[in-house]
Amino acid sequence: MLQKESGKQKSIILIGFMGVGKTTIGKALANKLKRDFIDVDHQLEREYNMTVTEIFQYHGEAFFRKKEKEMIIALSKQTQKVISLGGGAFLQEDIRKSCLENGIVLYLDMSFKAWKQRIPFIIDSRPVLQGKSEEEIKNLFNERKAIYINHHLKVKMDGKELEEIVESVIDSLDLA
Ligand SMILES: Nc1ncnc2c1ncn2[C@@H]1O[C@H](COP(=O)(O)OP(=O)(O)OP(=O)(O)O)[C@@H](O)[C@H]1O
Ligand SMILES: O=C(O)C1=C[C@@H](O)[C@@H](O)[C@H](O)C1
Ligand SMILES: [Mg+2]
């Protein structure tokens, strides 16, 4: 008999603005849950043997978005994984639809005030942030907040340590 798919089977898919910690938290969460971890940016980097910045430079953003979409739609149908998306992936409707239908979408929510502290650590590897003023980045941050409203679960990140975030996510996931 076919087993009815439960929340326990679904992959957990992390979304949120670039630099909020999807990769870092996804990895820690996967470790704790003993699940495979997949980071879409890293997977694309391996596939093309280039950094995301180089893919943007040599192939263009449209190419990156197309490959990102194909990869995420396929991955979102897999079960029991922890999958961290790139920060811009959820802007694509097909990606949103597939992730929301097939997985448990977890939104990492951070205030702009707290997020701003991350800029120096991420600016060199996030082409979308480069050449923008703080005002422009803030506008992008707020525009994208409206997209991340589409989720199943949300965790507020401000002032929390990694371990605390992972524990609160596990508590709120109905994995029984
Ligand atoms: N809880 C945390 N506290 C402090 N720094 C953190 C925390 N989580 C992540 N960082 C740092 O913030 C930076 C961005 O983290 P990470 O790469 O996990 O973000 P991301 O959401 O995956 O970004 P992107 O959307 O670009 O893939 C890294 O330098 C990381 O070490
Ligand atoms: O927010 C974005 O648009 C991006 C975030 C990163 O994770 C990468 O996917 C890439 O740098 C684009
Ligand atoms: Mg990441």
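**Glycine 19 is found in the loop between strand 1 and helix 1.** The model shown here is predicted: local features need pLDDT of at least 70, side-chain atom pairs count only at pLDDT 80 or more, and totals for chains, interfaces and linings use all residues. Residues are numbered from 1 along each chain as its sequence is written, while chains are lettered from A and ligands numbered from 1 in the order in which they are written. Helices (H or I, at least four residues) and strands (E, at least two) are DSSP runs, numbered from the N terminus. Glycine 19 counts as buried because 21 other C-beta atoms lie within 10 Å. The cut-offs, with C-beta atoms placed from the backbone, are 20 or more other C-beta atoms within 10 Å for buried, 12 or fewer for exposed, and anything in between for partly exposed. Once neighbours within four places in sequence are set aside, glycine 19 is in contact with Trp115, Arg118, Ile122 and Arg126; contact means that the C-beta atoms, placed from the backbone, lie within 7 Å.

**Valine 20 is found in the loop between strand 1 and helix 1.** Is valine 20 buried or exposed? It is buried, because 24 other C-beta atoms lie within 10 Å of valine 20. Leaving aside neighbours within four places in sequence, look for the contacts of valine 20 with Leu108, Met110, Trp115 and Met157. An unreviewed UniProt entry places the feature "binding site" at Gly19, Val20, Gly21, Lys22, Thr23, Thr24 and Arg126. UniProt positions follow the numbering used here, feature names are shortened, and annotations may be inferred rather than shown by experiment.

**Helix 1 spans residues 22-33.** From its first C-alpha to its last, this helix of twelve residues reaches 16 Å, close to the 16 Å expected at 1.5 Å a residue; the expected span is 1.5 Å times one less than the number of residues. Which residues of helix 1 are buried? They are Lys22, Ile25, Gly26, Leu29 and Ala30. These residues lie on the same side of helix 1, because they cover an arc of only 135° around the axis. The arc is that of the directions from the helix axis to the C-beta atoms. An α-helix has 3.6 residues a turn, so residues three or four places apart point the same way. The packing partners of the buried residues of helix 1 are strand 1 (12-15), strand 2 (36-39), strand 3 (81-84), strand 4 (104-109) and helix 9 (162-172).

**Threonine 23 has its place in helix 1.** It counts as partly exposed because it has 18 C-beta neighbours inside 10 Å. Leaving aside neighbours within four places in sequence, threonine 23 is in contact with Asp39 and Ser84. The "binding site" annotation from the unreviewed UniProt entry covers Thr23.

**Ligand 1 has 17 residues around it.** Of these, Met18, Gly21, Thr23, Thr24 and Gly87 come nearest. A residue is near a molecule if its C-beta atom, placed from the backbone, lies within 6 Å of it. Which element gives the largest share of this shell? Helix 1 does, with three residues, and both helix 1 and helix 7 (119-122) supply at least two residues each. By class, the shell around ligand 1 has five nonpolar, eight polar and four charged residues. Ala, Val, Leu, Ile, Met, Phe, Trp, Tyr, Cys and Pro count as nonpolar, Asp, Glu, Lys and Arg as charged, and the others, Gly among them, as polar.

**Ligand 2 is surrounded by Met18, Asp41, Val52, Gly86, Gly87, Gly88, Arg126, Pro127 and Val128.** Sorted by class, this shell holds four nonpolar, three polar and two charged residues.

Lysine 34 counts as exposed because it has 7 C-beta neighbours inside 10 Å.

**Aspartate 36 is placed in strand 2.** It is exposed, with 12 other C-beta atoms within 10 Å. Not counting residues up to four places away in sequence, aspartate 36 touches Ala30 and Lys81.

**Glutamine 80 lies in the loop between helix 4 (61-76) and strand 3.** Although glutamine 80 is not a glycine, it has a positive phi of about 60°. With 13 C-beta neighbours inside 10 Å, glutamine 80 counts as partly exposed.

Note on methods
Contact = placed C-beta atoms within 7 Å.
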